[in-house]
Amino acid sequence: MNIATMAAQHLTPMIVEKIAKSFGITHPVAQKAIAAIVPTVLASLLGASRKPDGLRKIPDILGKADTGLLGNLGDLIGGPKQGTMVGAGTGMLGSLMGESGLGSLTGALGKFAGVDGKASTGLLGLVGPVALA
């Protein structure tokens, strides 16, 4: 089993449905976006490790991750803390790939999945940390 598969196991059909509803998109669209996010975030982690300061930054970035995220994911989605979670997730991804890289990924994800910028940003902020957990 590879890392992407392990991360995706936490994104059950019920979780994907909650994510879809919280962003006003359909389940198939959410699934398509999530299928792209997980390996892309993992590839970004690998890319960051190849940069001169990357090996120093990665533990700092991952150390900020919510260790209870996977156990609470279903409760956080659609709840009052979802916005905070998305903000923390996009902040983590921005630190990992740079703000311009995150902006490019947000745009590419939106085009690929057929979602607007708000949904694309939200999906990345919500699902990206799951890939890193």
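Analyst: A residue is buried when its relative accessible area is under 20%, exposed when over 50% and partly exposed in between (1.4 Å probe, protein chains only). By that rule, buried residues account for 42% of the 133 residues in the protein chain. The model is predicted, with pLDDT of at least 70 needed for local features and 80 or more for side-chain atom pairs, while totals for chains, interfaces and linings use all residues. Residues are numbered from 1 along each chain as its sequence is written, and side-chain values use heavy atoms, without hydrogens or water.

The protein chain contains eight helices and zero strands (DSSP runs of H or I with at least four residues, or of E with at least two, numbered from the N terminus). Its pattern along the sequence is α-α-α-α-α-α-α-α.

The pair in question is α3, residues 27–49, and α6, residues 82–97. Their axes, fitted to C-alpha atoms over the stretch in contact, lie 9 Å apart at an angle of about 40°. The two helices are therefore oblique to each other, being neither under 35 degrees (roughly parallel), over 145 (roughly antiparallel) nor 65 to 115 (roughly perpendicular). On the α3 side, V41, S44, L45 and A48 meet L93, L96 and M97 of α6; contact here means heavy atoms within 4.5 Å.

In the protein chain, 70% of the contacts between residues at least 6 apart in sequence join residues at least 24 apart.

For context, helix α8 covers residues 117–132. Of its 16 residues, 13 are buried, so α8 is largely enclosed by the rest of the structure.

Notes
Axes fitted to C-alpha atoms, helices over the stretch in contact; angles between N-to-C directions. Expected span 1.5 Å × (residues − 1).
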